[in-house]
Amino acid sequence: MSPRAIAILPAYNEEQTIAKVVRGLREAAPGVERLVVTDGSRDGTVAQVTALGERHLELVCNVGYGRAVQAGLHYAMRHGYDVVVTIDSDGQHDPRDVSRLIDELSRTGADVVIGSRFVSTRSYRGPMGRQLGQLLFSLVTGLMGQRIYDTTSGLKAMSAHACRTILEGRFLDFHTEVLVRLRMLGFRIAEVPIDVHERSAGRSMYSFVSGLAYPIKTGLLVITGMIDALLRGKPK
Amino acid sequence: MTLQGIILIDFLALLFVAGVLFLLRSGRIYAGYAALWIGSTLVLATLVSIPPLLALVTTMVGAVFPVSALTLLAFVLTFLVLVLFSVKLTELHERQTELIQVLSLRALEESERRATLARDRSPSGAE
């Protein structure tokens, strides 16, 4: 019996891409339910999603990527889903990878499967600051006993157990700090190579300033996540 | 510090306290914050008004001049107040985010509940 799965699509001002992503998911992963989290979008994202008849969580203010995902996870856990997949709404991810990630989760028994841009020879080039941060935090995860090559991927599949544990902790960015905490608590994390497309429309949530601030902010979150796991966490 | 300086600082402190009390009376500042500001002002004003006490504090903090000790104390107080406000802002932000999430979750679940009820009541839903 296949697990009951839901894809969470956090969307902030993605009116130009959200319809394509939703249609792609309907076609590529018909067995996976969807929840679009319109994170205080000021453009026509909500109208697009409503016109598509898609289930959506309409956050009245922009609370940021991590908190939008958190709202989606709350919904998924309250409604008894076995697997949660997060996927970006900007069209950079291939909807066909959603099923691949879920299959990998079932096949390997991992708690989290990351759609990784760096695990294979396929190359992805982000901004320099983000690449450096990515490398740094990848090495940090190596110290936890398992190197995770793509700590900032927006495409992840997670078991309900992992989701519940994530919701118990501090929740801000939903990137490296979450993975480090899960790893320290004994959760199994796997990576599957994926290809990503360049953003074709809309604006990235990353700017030059946020690129510089990212390693510092995430570094602090990783440290607090590690302390949290050491003090309050129980081995799985 | 000269008598003229002490009088001036005490006068400014009184003005500041009166200003905070006015804000408190008009409901534009919480009593807790008002107490914090008034308390800090009174501590500094007392130190300025009693030279032997200021001299003692100057020796205790390792400063050479009383004015340096006062500046240091003012800086520490301001720093603590700023940290306190950062904490309060974070708390407010957390509550706001939680509220936004809960509101949206309830709205979605309510619309789903209504849709289910409507589906169950419709003749085709009874199939």
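## Strands and their pairing

Two strands are said to pair if DSSP finds at least two bridges between them. In this predicted model, A:Asp39 stands opposite A:Leu59, a residue of β3(A). Four bridges join β2(A) to β3(A), and these two strands run parallel.

In general, the strands of a sheet pair through backbone hydrogen bonds, and they may do so either parallel or antiparallel. Here, seven strands of chain A form an open sheet in the order β3-β2-β1-β4-β6-β5-β7, with mixed pairing. At the edges are β3 and β7 (189-193) of chain A, each of which pairs on one side only. From one strand to the next, the twist averages 20°.

## A helix packed on the sheet

Helix α6(A) packs on the sheet, where it touches β4 (83-86), β5 and β6 (156-159) of chain A, and its direction makes about 95° with that of β6(A).

Which residues of α6(A) are buried? They are A:Ala160, A:Ala162, A:Cys163, A:Thr165, A:Ile166 and A:Leu167. These buried residues pack against strands β4, β5 and β6 of chain A, and also against the helices α3 and α7 of that chain.

In soluble globular proteins, nonpolar side chains tend to be buried together. The largest nonpolar core of this model has 37 residues, and those with the most contacts inside it are A:Leu73, A:Val84, A:Val112, A:Met158 and A:Phe174. Two or more residues each are given to this core by β1 (5-11), β2 (33-39), β3 (56-59), α3 (65-78), β5 (112-116), α6 (160-168) and α7 (176-184) of chain A, together with α4 (66-121) of chain B. The largest share, eight residues, comes from α3(A).

Apart from this core lies another, of 28 residues, which includes A:Ala19, A:Ala29, A:Val49 and A:Ile102.

## Two helices of chain B

Two packed helices are described by the angle between their axes and the distance between the axes. For helix α2 (residues 31-49) of chain B and α4(B), the axes come within 11 Å and cross at roughly 175°. Angles over 145 degrees count as roughly antiparallel, and α2(B) is therefore roughly antiparallel to α4(B).

On the side of α2(B), the contact is made by B:Tyr33, B:Leu36, B:Trp37, B:Ser40, B:Leu44, B:Leu47 and B:Val48, while α4(B) contributes B:Leu70, B:Leu73, B:Ala74, B:Leu77, B:Val81, B:Leu84, B:Phe85 and B:Lys88. The residues of this contact between α2(B) and α4(B) divide into 13 nonpolar, one polar and one charged.

Key. Residues are numbered from 1 along each chain as its sequence is written. Chains are lettered from A and ligands numbered from 1 in the order in which they are written. This is a predicted model: local features need pLDDT of at least 70, side-chain atom pairs count only at pLDDT 80 or more; totals for chains, interfaces and linings use all residues. Side-chain values use heavy atoms; hydrogens and water are left out. A nonpolar core is a set of buried Ala, Val, Leu, Ile, Met, Phe, Trp, Tyr and Cys residues joined through side-chain atoms within 4.5 Å. Buried means under 20% relative accessible area, exposed over 50%, partly exposed in between (1.4 Å probe, protein chains only). Axes are lines fitted to C-alpha atoms, for helices over the stretch in contact, and angles run from 0 to 180 degrees between N-to-C directions. Angles under 35 degrees count as roughly parallel, over 145 as roughly antiparallel, 65 to 115 as roughly perpendicular and the rest as oblique. Contact means heavy atoms within 4.5 Å. Ala, Val, Leu, Ile, Met, Phe, Trp, Tyr, Cys and Pro count as nonpolar, Asp, Glu, Lys and Arg as charged, and the others, Gly among them, as polar.
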